[in-house]
Structures are given as structure tokens and as C-alpha cells.
Amino acid sequence: MKYKVLFLKELDVSGKQILWDDGAEVIVTSGHSEDAFIKEIREHQVDAMMCRTEMVTPAMMDASPNLKVIAKHGVGLNNIDMEYATKKGIQVVYAPLGNTNSVAEHVLLLMLMTARRYRHVDQEFRSGNFNVRYTLQDTFELENMTLGILGCGRMGQIIANKAALGFGMRVIGYDPYAKQEHMKAPVKLLENRDDVLAQADVISLNLPSLPSTRGSINYAAFQKMKPKALFINCSRGDVVVEADLIKALQEGIILGAGLDVFDQETIDSTNPMLEMDNVIMTPHTAATTRQAVVRCCSTAAQGIVEVMNGKPITFPGNKVN
């Protein structure tokens, strides 16, 4: 075998096939903890690792002197200790284009479900109330509503295109790193975030988890939104102060929320949002369409092949010497 690759989770066979075709040995872990991962990394002295959302720690990287590359099945790299990987000269590769369309469609799904109060209607219908339609309030068509996008990179622009061209929405956005002349979507950039919060009927959060973004959507931010505003988050849970979101929903500061990500990825059974009929919740499934899974796994595996064969790296996550 040319090299060994450890999958920290069972992933699609498309990625394995790419690695097998390159002569690699693919090992799928049987563990679920850092200690278990370290044991297997040390035992097999792997040259590469493939992760999804599992934490990749310095101790894991140290467990195999042969480790040259860590591949992320997806976009966000916050589960990998990037600073330590770069310090050790370990290349990180990822799949930034793999799930963008899937996530963008999920954003629209949550927008529609919150705008039509899907959870409330579904609960009433299942309990025998077919006439719930006669008592519905605060349901909306998306056409002519204003979508506010926070984070107007690749994902934000795909969402903007679908919302504007598909639903006839007006789209505004804020991104300190974006320029209007570079926008490939019909989104009007505003000069500050607060103007977007104040003007939008629907807010879509599309921010990475960074020291500058974590906790940036707090109670003060929700207070700036319209009382009938809908809040959608399919990006990163820790960007939002979850207790403040709950408070804003309970107090009627905003009308509803659609969430695919959370501060803690296992939801406590006492979380008030579980009982709120104006909140749509999905368990981080925005990127789990069949097409997205294949694209992410194939792209990440191809990144491993590139590194191990000394080829130009298509999607580097860091810069190593």
C-alpha cells in the first residue's frame, strides 16, 4: 500500500474508491472518542485522516509521525486545530463547494416553513384540527419580502440568487469583506449590519465561527429586528447567543426562527425551543443530501490524493511550508 488513511466516521464509498484507486489503504475507525482515535492512529501510523465533525486535536496529530494531511468532509474547519496543524506542517484540505447548494436549499426550506408556521399547522392537523387554516395569523408569502443576508460570500450569494430569482424577494446584505462590484447575485450591500437587521423581514445568517463572530448575534441584535422578522441559521450555532434568541422568541421581539445549527449539537431535553411552535429545528442536516455527501467526500478524498502525490492542491485549508 502507498499510504494509510483513517476515516474518523464511516463516509460515502465515493471517497474510498478515489483512495483505493490511488493504492491507499482505507481504515474506518471503530471508536467514538479522542482516546479511541489516538489508539487507532498510533496503531496504524496513518499518513492521512478524513473527518466530518469530529474534533481533530493536537494529541491526535502527534499520534502518528507519518501524518501529512487532514481532509475535512465539508466546509467549516473549526473542528480541526488549524494552528497546530500548520505548526506541524500538516496540510489541511476541505470541500468548500461540496454542500453549498444543499445548504442554500435548506435555508429556503426553513424560510418557507417559518413563514407558513409549518410546525403549528402540522401539530394542529395531526391532533385532528383540520380547520386550523381558519385561525392562522402571521403567515406570509416570500414574494416582495426583504431578505437580509449576514455574510455575503459564496453561500450568501447562492441563497440571494435563489431567493431573488425564485421567490421574487428583495435582497440586502452586510459583509465587511465583500464589495458590491464583486457580487454575482442580486444583493444590495449595506454599510452596516444594523441597517440590514432593521430592514429585513427574514434574516439568514451565513457566518463562519471565528473569534470576531462568536456570540455576535445577541439580544441587542434581535432588538434591532422587525417584530415580525424571521431568523434563519444554517451556518454555525455559536455565532448566536442561544439564551438571547430564546428570550427574543419568548418576548415576541421576533416572530419565529428556523435553525439547523445550535450552540451545543446535542439538544438538552429542557431547551424551551423544543416546545415552541414558532421554531423549526433540524439536526444539522442542511448538508446531508445525497449529492452533497458525494461531492464533499469525493473532493476531500481527492485532496488527500493530491497531497500524498505531491500535486497542486485544489482546496487547501491552510498554508504549510
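**View 1. Strands β6 and β7 side by side in a predicted model**. Here β6 (residues 146–150) and β7 (residues 170–174) run parallel and are joined by 5 bridges; two strands count as paired if DSSP finds at least two bridges between them. Strands (E, at least two residues) and helices (H or I, at least four) are DSSP runs, numbered from the N terminus. Look for G148, which stands opposite I172 in β7. Helix α7 (residues 154–167) packs on the sheet and touches β6, β7 and β9 (202–205), its direction making about 175 degrees with that of β6. Touching here means contact, that is, heavy atoms within 4.5 Å. Axes are lines fitted to C-alpha atoms, for helices over the stretch in contact, and angles run from 0 to 180 degrees between N-to-C directions.

**View 2. β9 between its two partners, β6 and β10**. On one side, β6 and β9 pair in the parallel sense over 4 bridges, with L205 as the bridge partner of L150. Another 4 bridges join β9 to β10 (residues 230–233), again parallel, and there S204 has I232 as its bridge partner. V202 and S204 point one way from β9, I203 and L205 the other, and all are buried (under 20% relative accessible area, with a 1.4 Å probe and protein chains only).

**View 3. The whole open sheet**. Zooming out, 7 strands line up as β8-β7-β6-β9-β10-β11-β12, with parallel pairing. The edges belong to β8 (188–189) and β12 (279–281); each has a single partner strand, so one side of each has no neighbour in the sheet.

**View 4. Helix α1 against helix α11**. The axes of α1 (residues 13–21) and α11 (residues 290–308) come within 7 Å and cross at roughly 20 degrees, so the two are roughly parallel (angles under 35 degrees). From α1 come S14, G15, I18 and L19, and α11 brings V294, C297, S298, A301, Q302, I304 and V305.

**View 5. Helix α5 against helix α7**. On the α5 side, the contact includes T100, N101, V103 and A104, while R154, M155 and I158 are among the α7 residues.

**Notes for all views.** Residues are numbered from 1 along each chain as its sequence is written, and side-chain values use heavy atoms, leaving out hydrogens and water. Because the model is predicted, local features need pLDDT of at least 70 and side-chain atom pairs count only at pLDDT 80 or more, whereas totals for chains, interfaces and linings use all residues.

Notes:
Angles under 35 degrees count as roughly parallel, over 145 as roughly antiparallel, 65 to 115 as roughly perpendicular and the rest as oblique. Buried means under 20% relative accessible area, exposed over 50%, partly exposed in between (1.4 Å probe, protein chains only).
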